[in-house]
Amino acid sequence: MRKKIVAGNWKMNKTLAEATALVTELMTLTNAEVKNNALVVLCTPFPYLLQVKEQLGTSKIAVGAQNCSEHESGAYTGETSAAMLKSMQIPYVIVGHSERRQYFGENGPLLAKKVDRALANGLTPIFCNGEPLEIREKGTHEALVKQQTEDSLFHLSADDIKRVVIAYEPVWAIGTGKTATSQQAQDMHAVIRGHIAAKYGNDVAESISILYGGSVKPDNAKELFACKDVDGGLVGGASLKARDFVDIIKGVA
């Protein structure tokens, strides 16, 4: 059985006091209300990783970083290496979020290096792919997402790609209030899984969790997560509100 995962991407939000308050509220609501076995991951800003990890203690909620460097170490001011994350026992790291691609020029070969660094240090990469609106409107979205997957993941061995979580992000549905329909989400998740199966075989493809990441909300989470190939969500804005995020977690069957 594939893991069902709900990851919250806080992006560049919250002061330390606000972050602490949010985690406290999340822990309270999760303990009281969440009865499923969904794995919950909080991808916080770098300065809060240890604080949040310590605050969560033995909670079932895990912590993840939002990025890591493609370099192991060295004179790269302002960067954070996968080895640093490993040293803090941070188990997850987002790689290739659409905002990193758009604002920081990250491309497939660069992201392949980041995936390699994460895996070499025992981290689980949450690898993001997805298309902008103009590509969706041209009808070439499947080809683009297949290419993104190939460029950054298809150099991996079968054993290593099984250690990756994939998050499909229709870029046109991030922060816009638009959401892919459950059928659109299922269709793209099936394309991604099928593309992996064509290279690595069905057993490998069926073992990989593929999350949906485009304006997941409490009122659409259950329908999205019920899709055959949707294994949870990468949640942005709604993860900053404890009530909304917990209601989304509860959408996992």
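Author: A residue counts as buried under 20% relative accessible area, as exposed over 50%, and as partly exposed in between, with a 1.4 Å probe and protein chains only. This is a predicted model, in which local features need pLDDT of at least 70 and side-chain atom pairs count only at pLDDT 80 or more, while totals for chains, interfaces and linings use all residues. Residues are numbered from 1 along each chain as its sequence is written, and side-chain values use heavy atoms, with hydrogens and water left out.

Reader: Why is Tyr-212 called buried?

Author: Its relative accessible area is 0%. That is under 20%, so Tyr-212 is buried. Tyr-168 also has 0% and is buried.

Reader: How many aromatic pairs does the structure hold?

Author: There are two. Rings of Phe, Tyr and Trp (its six-membered ring) pair if their centres lie within 6.5 Å; planes under 30 degrees apart make the pair stacked, over 60 edge-to-face, and the rest tilted. In general, a pair of aromatic rings is described by the distance of the centres and the angle of the planes.

Reader: What makes the pair of Phe-154 and Tyr-200 edge-to-face?

Author: The ring centres are 5.6 Å apart, which is within 6.5 Å, so the two rings pair. The planes stand at 80 degrees, which is over 60, so the pair is edge-to-face. Phe-154 is in the loop between helix 7 (141–153) and helix 8 (158–161), and Tyr-200 is in helix 9 (residues 182–200), so the pair links distant parts of the chain, 46 residues apart. Helices here are DSSP runs of H or I with at least four residues, strands are runs of E with at least two, and both are numbered from the N terminus.

Reader: How do you know that Phe-154 and Tyr-200 count as buried?

Author: Phe-154 has 14% relative accessibility and Tyr-200 has 16%. Both values are under 20%, so both residues are buried.

Reader: Why is the pair of Tyr-168 and Tyr-212 called tilted?

Author: The centres are 6.4 Å apart and the planes 50 degrees apart. Tyr-168 lies in strand 6 (residues 165–168) and Tyr-212 in strand 7 (residues 210–212), so the pair ties together parts that are 44 residues apart in sequence.

Reader: How do you know that Arg-100 sits over the ring of Phe-104?

Author: A charge sits over a ring if NZ of Lys or CZ of Arg is within 6 Å of the ring centre and within 35 degrees of the ring normal. The charged end of Arg-100 is 4.0 Å from the centre of the Phe-104 ring. Lys-199 likewise lies over the face of Tyr-200, at 5.5 Å from the ring centre.

Reader: What makes the crossing of helix 1 and helix 12 right-handed?

Author: Two packed helices are described by the angle between their axes and the distance between the axes. The axes of helix 1 (residues 16–33) and helix 12 (residues 242–249) come within 9 Å and cross at roughly 35 degrees. Axes are lines fitted to C-alpha atoms, for helices over the stretch in contact, and angles run from 0 to 180 degrees between N-to-C directions. A crossing is right-handed if the near helix is turned clockwise from the far one by less than a right angle, and left-handed if anticlockwise. This one is right-handed. Residues making the contact (heavy atoms within 4.5 Å) include Leu-22 and Leu-26 of helix 1 and Phe-245 and Val-246 of helix 12.

Reader: Why is Thr-149 called buried?

Author: Its relative accessibility is 1%, under 20%, so Thr-149 is buried. Thr-149 is in helix 7. Leaving aside neighbours within four places in sequence, Thr-149 is in contact with Phe-127, Asn-129, Phe-154 and Ile-196.

Reader: Why does Lys-3 count as exposed?

Author: Lys-3 has a relative accessible area of 52%, which is over 50%, so Lys-3 is exposed. Lys-3 lies in the segment before strand 1. Not counting residues up to four places away in sequence, Lys-3 touches Leu-39, Tyr-92, Ser-209 and Asp-231.

Reader: What makes Lys-53 partly exposed?

Author: The value for Lys-53 is 28%, between 20% and 50%, so Lys-53 is partly exposed. Lys-53 is in helix 2 (residues 49–56).
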